[in-house]
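Hello,

Here is the structure I promised to pass on. Please open it first, then read my notes below.

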Amino acid sequence: MMTGKRLIISALVLSLVQIGFLSWIIAGRAAILRNGKEVLLKVEPIDPRDLLRGDYILLGYDISRIPVKLIANIPAGKLTTDDTSLVVRLKKGADGYWLATTAWFGQAPSPAGPDEADIVGKVASGWDLGSDATIAPDYGIERFYLPEGEGMPIQNDMRVRPFGIRVALAANGTAQIKALMDGDKTLFEEPLY
């Protein structure tokens with residue numbers, strides 16, 4: 001049986017561990033938002049709503065479907081994907097939106113150049129690797145939460161004019177959404193903390 005003093009010390013230690021873990025998660029996200037390379041991705045809307053968290057926009061991007069012909073390191077005879085990561089090299093297009101130029105399973109063979117950026121997504125097993133197929137990586141930036149009542153109007157506007165998402169990319173390719181853009185106008189910006 002624990003004494004009162006030991007119980008208090010145990011509770012304090014557990015509390016400090018939990019606070020430290022949450023702080024580490026928040027600081028990691030904030031570091032990407034503060035120091036990451038910014039890219040602008042063109043979005044394709046999908047219907048919003050989450051009963052527990054309010055309005056959000058499910059986002060699809062031009063880079064949400066990667067043609068298999070862009071993947072440079074598919075082993076000979078490989079017919080389907082494994083559960084793995086996919087590095088997608090991005091380059092800024094003439095319209096200001098960043099587009100996929102090539103991709104690799106696992107890691108890129110060389111770092112991105114100064115006018116390029118790498119984003120890392122997860123690919124589930126079972127995607128067809130035929131030459132005319134596409135695969136859909138999950139980058140972790142497919143949802144953007146909005147203030148209550150804002151989701152449907154923005155969703156409807158996305159169907160008639162182009163919107164973008166400003167994304168911060170860490171050196172390892174981890175992505176965090178920085179802002180929702182309507183053309184050059186910032187509609188909503190994510191706070192650092």
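**The aromatic pair**

Keep in mind that this is a predicted model. The structure holds one aromatic pair. Its members are Phe 21 and Trp 24, with ring centres 6.0 Å apart. The ring planes meet at 35°, so the pair is tilted.

Where do Phe 21 and Trp 24 lie? Both are in helix H1, which covers residues 4-35. They sit three residues apart, about one turn of the helix.

Trp 24 has a relative accessible area of 62%, so Trp 24 is exposed. The cut-off for exposed is over 50%.

**The largest pocket**

Next, look for the largest pocket. About 400 Å³ of space lies in it. The lining has 22 residues. Closest to the pocket centre are Asp 118, Val 120, Ala 170, Asn 172 and Thr 174.

Which elements give two or more residues to this lining? They are strand E4 (84-92) and strand E6 (116-123). E6 gives the most, with six residues.

**Ser 64**

Now find the loop between strand E2 (56-61) and strand E3 (66-67). Ser 64 lies there. Why does Ser 64 count as buried? Its relative accessibility is 14%, and buried means under 20%.

The side chain of Ser 64 reaches the backbone nitrogen of Tyr 61 at 2.7 Å. Leaving aside neighbours within four places in sequence, Ser 64 touches Ile 135, Ala 136, Pro 137 and Tyr 139.

**Glu 44**

Last, go to strand E1, residues 37-46, where Glu 44 is found. Glu 44 has a relative accessible area of 40%, so Glu 44 is partly exposed.

Which residues are in contact with Glu 44, leaving aside its neighbours within four places in sequence? They are Leu 58, Leu 59, Gly 60, Tyr 61 and Asp 62. Tyr 61 is also the residue whose backbone nitrogen is reached by Ser 64.

Best wishes

Technical notes:
Residues numbered from 1 in each chain as written. Predicted model: local features only at pLDDT ≥ 70, side-chain atom pairs only at ≥ 80, totals over all residues. Heavy atoms only, no water. 1 Å grid on protein atoms, 1.4 Å probe; cavity = no way out; pocket = protein on both sides within 12 Å on 5 of 7 lines; lining within 4 Å. Points joined across faces, edges and corners; volume = space filled by probe spheres on them. Helix = DSSP H or I, 4+ residues; strand = E, 2+ residues; numbered from the N terminus. Buried < 20%, exposed > 50% of the residue type's maximum accessible area, 1.4 Å probe, protein only. Contact = heavy atoms within 4.5 Å. Polar contact = N/O pair within 3.5 Å; in protein donor to acceptor, adjacent residues only side chain to side chain. Phe/Tyr/Trp six-rings, centres within 6.5 Å; stacked < 30°, edge-to-face > 60°.
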